[in-house]
Amino acid sequence: MQMISGKSAGAVRAVGLAFALLLSTTSLAQERRFSADDLPKIVRIGDPQLSPDGQAVLSVLARANLKDNRWEGELTLIDVATKAQHVLSRRMGVGSARWSPDGRSIAFLAQDAGGRAQVHVLSMDGGDARQLTNGKTPVTQFAWAPNGATLAFAAADEEPEKTGDARFEDGFEVGNHSFLDRAARKPIHIWTVDVVTSATKRLTSGSRSLPLGLPPTGAPSQLNWTPDGTSLIFVQA
């Protein structure tokens with residue numbers, strides 16, 4: 001057994017402290033900073049919707065696509081009890097998913113072949129999603145009727161077809177618009193669509209419009225049915 005003097009013990013403690021500091025410095029040096037390579041690992045989870053029976057949640061999980069410089073979403077069904085996840089749709093622009101009143105179907109927005117947002121319907125009994133609307137302008141919002149047989153949706157009026165020299169007249173009066181606007185905005189009006197037959201019916205028209213730019217993607221619809229399904233309540237400007 002060897003005895004260590006006070007001076008030697010102090011030296012040992014100093015060496016131990018220096019060694020600990022070295023390890024700490026090495027550990028800090030090994031820490032990696034967040035970089036662009038980590039972006040594909042990020043998952044955005046948004047717009048959760050609880051099913052009418054409380055057993056499942058709909059949510060959109062979005063991941064970064066660096067090659068095409070965009071976020072790509074997946075409509076995902078999450079089992080509340082088991083936490084199991086099942087991807088329902090990977091269509092471009094998927095979002096705003098809403099349960100039908102009876103919970104047997106899901107309606108959501110996704111882009112069509114022309115890049116326009118359209119309402120799609122998916123049966124929980126199985127099968128592929130079916131495009132329900134086919135307008136020439138994007139659908140901005142929608143709402144299920146209480147009976148689940150009809151959907152109300154909003155879309156802007158079509159741009160009138162121009163011929164001759166009018167095709168090159170692209171000037172417009174600037175009002176309270178976004179600085180990104182490159183053309184005059186068209187009024188947004190309300191339609192209904194039959195879930196089975198896809199037959200549409202126009203409800204509003206004229207220069208009045210639903211609020212432009214509302215709601216943002218994933219926000220609750222501004223269209224609200226009365227409980228008996230005979231009327232719609234909405235904001236018009």
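**Aromatic residues and a buried threonine**

The charged end of Arg44 sits over the ring of Trp71, at 3.8 Å from the ring centre. This is a predicted model, and a search through the whole of it turns up one aromatic pair. That pair is made of Phe153 and Trp191, whose ring centres are 6.4 Å apart and whose planes meet at 15 degrees, so it is stacked.

Here is a short tour, topic by topic.

**Around Trp71**
- Trp71 belongs to strand S3, which covers residues 70-79.
- With a relative accessibility of 33%, Trp71 counts as partly exposed.
- Together with Phe34 and Ile42, Trp71 makes a nonpolar surface patch of about 300 Å².

**The aromatic pair**
- Phe153 lies in strand S10 (residues 150-156) and Trp191 in strand S11 (residues 188-194), so the pair ties together parts that are 38 residues apart in sequence.
- Phe153 is buried, at 6% relative accessible area, whereas Trp191 is partly exposed, at 24% relative accessibility.

**Thr76, also in strand S3**
- Strand S3 holds Thr76 as well as Trp71.
- Thr76 counts as buried, with a relative accessibility of 1%.
- Setting aside neighbours within four places in sequence, Thr76 is in contact with Val57, Leu58, Ser59 and Leu61, and also with Gln85, His86, Val87 and Leu88.

Key. Residues are numbered from 1 along each chain as its sequence is written. This is a predicted model: local features need pLDDT of at least 70, side-chain atom pairs count only at pLDDT 80 or more; totals for chains, interfaces and linings use all residues. Side-chain values use heavy atoms; hydrogens and water are left out. Rings of Phe, Tyr and Trp (its six-membered ring) pair if their centres lie within 6.5 Å; planes under 30 degrees apart count as stacked, over 60 as edge-to-face and the rest as tilted. Helices (H or I, at least four residues) and strands (E, at least two) are DSSP runs, numbered from the N terminus. Buried means under 20% relative accessible area, exposed over 50%, partly exposed in between (1.4 Å probe, protein chains only). A charge sits over a ring if NZ of Lys or CZ of Arg is within 6 Å of the ring centre and within 35 degrees of the ring normal. Patches are made of residues with over 30% relative accessible area and no salt bridge: like charges are joined within 9 Å, nonpolar side chains (Val, Leu, Ile, Met, Phe, Trp, Tyr) within 5 Å. Accessible areas come from the Shrake-Rupley method with a 1.4 Å probe; for residues, only the protein chains shown count as cover. A salt bridge is a side-chain nitrogen of Lys or Arg within 4 Å of a carboxyl oxygen of Asp or Glu. Contact means heavy atoms within 4.5 Å.
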